Amino acid sequence: MSLLVIGSVAFDAIETPFGKTDKIIGGAASYISLSASYFVKPINLVAVVGGDFPQEYIDSIRSKGVDTKGLQIKSTEKSFFWSGKYNYDLNSRDTLITELNVLGNFDPIIPDDYQNCEYLMLGNLSPDVQLKVIERLHNRPKLIVLDTMNFWMDIALDSLKQVISKVDVLTINDEEARQLSGEYQLKKAAQKIMLLGPKYLIIKKGEHGAILFHEDRSFYAPALLLDQVFDPTGAGDTFAGGFLGYIAKKDKTDFDTLKKALVYGSAMASFCVEKFGTENLFNLTEQQIEDRFNQFRIMVEF
Ligand code: AMP
């Protein structure tokens, strides 16, 4: 099944209580594509970077089955740069710097052979760009998943609501769900947000797992208790890549498939947070992923 991914490909500088990085490679679409590549291939990537972006990284994601034909390289411009600092519990973070650079005027061009994709992952990006992608596809994919963040709620709420109205699944964290709905109780927040359009809503709660809402039903997947958590950056994107990757692999969009996908997404996110940046997403095996999936099962079975 074909999966189209759009989102940021970026330089990140991250500070956690356990360490600090200079510029490393990140961006929503990097995490999503790598994570999804364990379930389906090729991953068709639409994104933009500047002339400062290392070709070796592009080659390395290509070797994982990511088609980079749709990755634009603006040689005279700089790549998107984001810097964030985590608090001690790692569940909350402050954005220190967001330099849009090439993302400021990104025109998402969709290569012809990415048309007719069956599954679409709209990773974190300006909602105007996300909308353009939906409009430029000749056929509507079977399932569209949207990820976003408080940054866009603060500066582009109207466009964000427009794109939310056109997707099937929205993934946000608990703080963002409260901001978007104006409701503190997550159940109420979820009902209000689904009225904006999406049939499914996933509220991510960091180390406390994620909840899938659909009509009046909900399903909760905890997060694994890990020996070491170094860097939560990209966990949400890695989750989304595993979630939609699994759905695309099964080619089914019913509630039960989405429940399993939620657990696969959580398993992939558990690998992401064990190392800084995307490092841990390059050399996983199918067996490791299955083992983690089974650990979830053991943890909740009674
Ligand atoms: P997550 O930890 O899953 O929320 O995602 C972190 C990634 O999102 C980082 O690698 C950043 O480069 C990227 N990111 C942060 N802010 C933005 C933004 N405003 N637009 C697009 N990507 C962003």
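This is a predicted model: local features need pLDDT of at least 70, side-chain atom pairs count only at pLDDT 80 or more; totals for chains, interfaces and linings use all residues.
In the side chain of Asp12, an N or O atom is 2.4 Å from an oxygen atom of the ligand. Arg93 also has a side-chain N or O atom 2.9 Å from a ligand oxygen. A polar contact here is a pair of N or O atoms within 3.5 Å.

On its own, the ligand has 500 Å² of accessible area, and the protein covers 94% of it. Areas come from the Shrake-Rupley method with a 1.4 Å probe.

## The shell

The shell around the ligand holds 19 residues, each with a heavy atom within 4 Å. Ser8, Asp12, Gly27, Gly234 and Asp237 come nearest. By class, 9 are nonpolar, 7 polar and 3 charged; Gly counts as polar.

The largest share, 3 residues, comes from α8. Elements are DSSP runs: helices (H or I) of at least four residues, strands (E) of at least two.

## A nonpolar surface patch

Leu225, Met299 and Val300 make a nonpolar surface patch of about 320 Å². Patch members have over 30% relative accessible area and no salt bridge, with nonpolar side chains joined within 5 Å.

Val300 belongs to helix α10 (residues 286-300). Val300 counts as partly exposed because its relative accessibility is 45%, between the cut-offs for buried (under 20%) and exposed (over 50%).

## Basis

Residues are numbered from 1 along each chain as its sequence is written. Local features need pLDDT of at least 70, side-chain atom pairs count only at pLDDT 80 or more, totals for chains, interfaces and linings use all residues, and side-chain values use heavy atoms, leaving out hydrogens and water.

Note on methods. A polar contact is a pair of N or O atoms within 3.5 Å; within protein, one must be able to donate a hydrogen and the other to accept it, and residues adjacent in sequence count only if both atoms are side-chain atoms. Patches are made of residues with over 30% relative accessible area and no salt bridge: like charges are joined within 9 Å, nonpolar side chains (Val, Leu, Ile, Met, Phe, Trp, Tyr) within 5 Å. A salt bridge is a side-chain nitrogen of Lys or Arg within 4 Å of a carboxyl oxygen of Asp or Glu. Buried means under 20% relative accessible area, exposed over 50%, partly exposed in between (1.4 Å probe, protein chains only).
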